[in-house]
Amino acid sequence: MSGRFGGRTLARVQALQLLFQADANSRTVEEVLSGDYAISDGPLDPYGERLARGVDLRRYAIDAVIRTSSSSWSLSRMPIVDRNILRLALYEMVEEDDITVAVAIDEAVELAKAFGTDESPRFINGVLGSIAADVSAGADVYEKARQALRAAATSRDGAASDEVYAADETGMAAPIPDAADGACLAPGAPDATDGIVE
């Protein structure tokens, strides 16, 4: 892979690799960075590290947006690469002021072509495209997703749990039930339906 990617694209590849390692091992990015980790074409780019830490910090809120924007796949059933590409792209779309929505989506599709399945680029483009208009309009996509998931849980259970939807000072939502199967997923908590760790 050496020489295939450069600049910010390489930084995104490195961030994706860190996010993948954290997700696959039920760890935080901080825990991955404090131990042995593998990245392509090191050393670790500062922008790549910033992206990985940023995604990790806002993961619950980001995942809520992905859950409400991907009606055909629950988050726990997405390939691990796809869900981390989505997390990375959504973070850039919302949190990185100098990255346009179009660039974030294009970069995510390129990552999907390089690291995902044959279906990944189209899937990634579709999910991010469904979020793009809200982000471009300046909507609070985190709050919109939180409200949608709260409404879904309320209609399913009769009452939404304040604990499930509490947000801390970083804007991260607490663990939120997966809209497709009702499982409440948190780091290290297995999805009872398939054993995949979120």
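So, the surface to start with: the protein has about 9100 Å² of accessible surface, and 51% of that belongs to carbon and sulfur atoms. Accessible areas here come from the Shrake-Rupley method with a 1.4 Å probe, and for residues only the protein chains shown count as cover. One thing to keep in mind is that this is a predicted model, where local features need pLDDT of at least 70 and side-chain atom pairs count only at pLDDT 80 or more, while totals for chains, interfaces and linings use all residues. Residues are numbered from 1 along each chain as its sequence is written, and side-chain values use heavy atoms, with hydrogens and water left out.

How much of the protein is buried? Of its 198 residues, 47% are. Buried means under 20% relative accessible area, exposed means over 50%, and partly exposed is in between, with a 1.4 Å probe and protein chains only.

Now the layout. The protein has nine helices and two strands, and from the N terminus on the order is α-α-α-α-α-α-α-α-α-β-β. Those are DSSP runs, numbered from the N terminus: helices are H or I with at least four residues, strands are E with at least two. As for contacts, meaning heavy atoms within 4.5 Å, take those in the protein with a separation of 6 or more: 65% of them are between residues 24 or more positions apart.

Let's walk along the chain. Helix 1 covers residues 7-24, and Gln 21 is in it. Gln 21 counts as buried because its relative accessibility is 17%. Leaving out residues up to four places away in sequence, Gln 21 touches Val 32, Tyr 37 and Ala 38. Then there's Arg 8: its charged end sits over the ring of Tyr 47, 4.1 Å from the centre. To count as sitting over a ring, NZ of Lys or CZ of Arg has to be within 6 Å of the ring centre and within 35 degrees of the ring normal.

Ser 26, in the loop between helix 1 and helix 2, isn't a glycine, yet has a positive phi of about 50°. Ser 26 counts as partly exposed because its relative accessibility is 32%. In the loop between helix 2 and helix 3 we find Asp 41, also not a glycine, with a positive phi near 50°. With a relative accessible area of 26%, Asp 41 is partly exposed. And what kind of peptide bond joins Gly 42 and Pro 43? A cis one, with omega about 5°. Pro 43 is found in the loop between helix 2 (29-33) and helix 3.

On to helix 4, residues 59-69. It's mostly covered, with nine of its 11 residues buried, among them Arg 59, Ile 62 and Val 65. Tyr 60 is in helix 4 too, and is buried because its relative accessibility is 17%. Tyr 60 is 82 residues from Tyr 142 in sequence, but their C-alpha atoms are 9.4 Å apart in space.

Is Ser 71 buried or exposed? Exposed, because its relative accessibility is 79%. Ser 71 and Val 127 are 56 residues apart in sequence, with 9.0 Å from C-alpha to C-alpha. Further along is Gly 138, in the loop between helix 7 (120-136) and helix 8 (141-157). With a relative accessible area of 61%, Gly 138 is exposed. The C-alpha atoms of Gly 138 and Val 94 are separated by 8.8 Å, and the two are 44 residues apart along the chain.

Last topic, the holes inside. Rolling a probe the size of a water molecule over the atoms shows where empty space is left. A cavity, on a 1 Å grid over the protein atoms alone, is a set of points where a 1.4 Å probe fits but cannot get out, and lining residues have an atom within 4 Å of a point. Grid points are joined across faces, edges and corners, and the volume is the space filled by probe spheres set on the points. By this rule there are three cavities of 30 Å³ or more, and the largest cavity holds about 60 Å³ of space. Its lining includes Leu 19, Asp 56 and Arg 87. Helix 1, helix 3 (46-57) and helix 5 (80-95) each give two or more residues to that lining, and the largest share, three residues, comes from helix 1.

Notes
1 Å grid on protein atoms, 1.4 Å probe; cavity = no way out; pocket = protein on both sides within 12 Å on 5 of 7 lines; lining within 4 Å.
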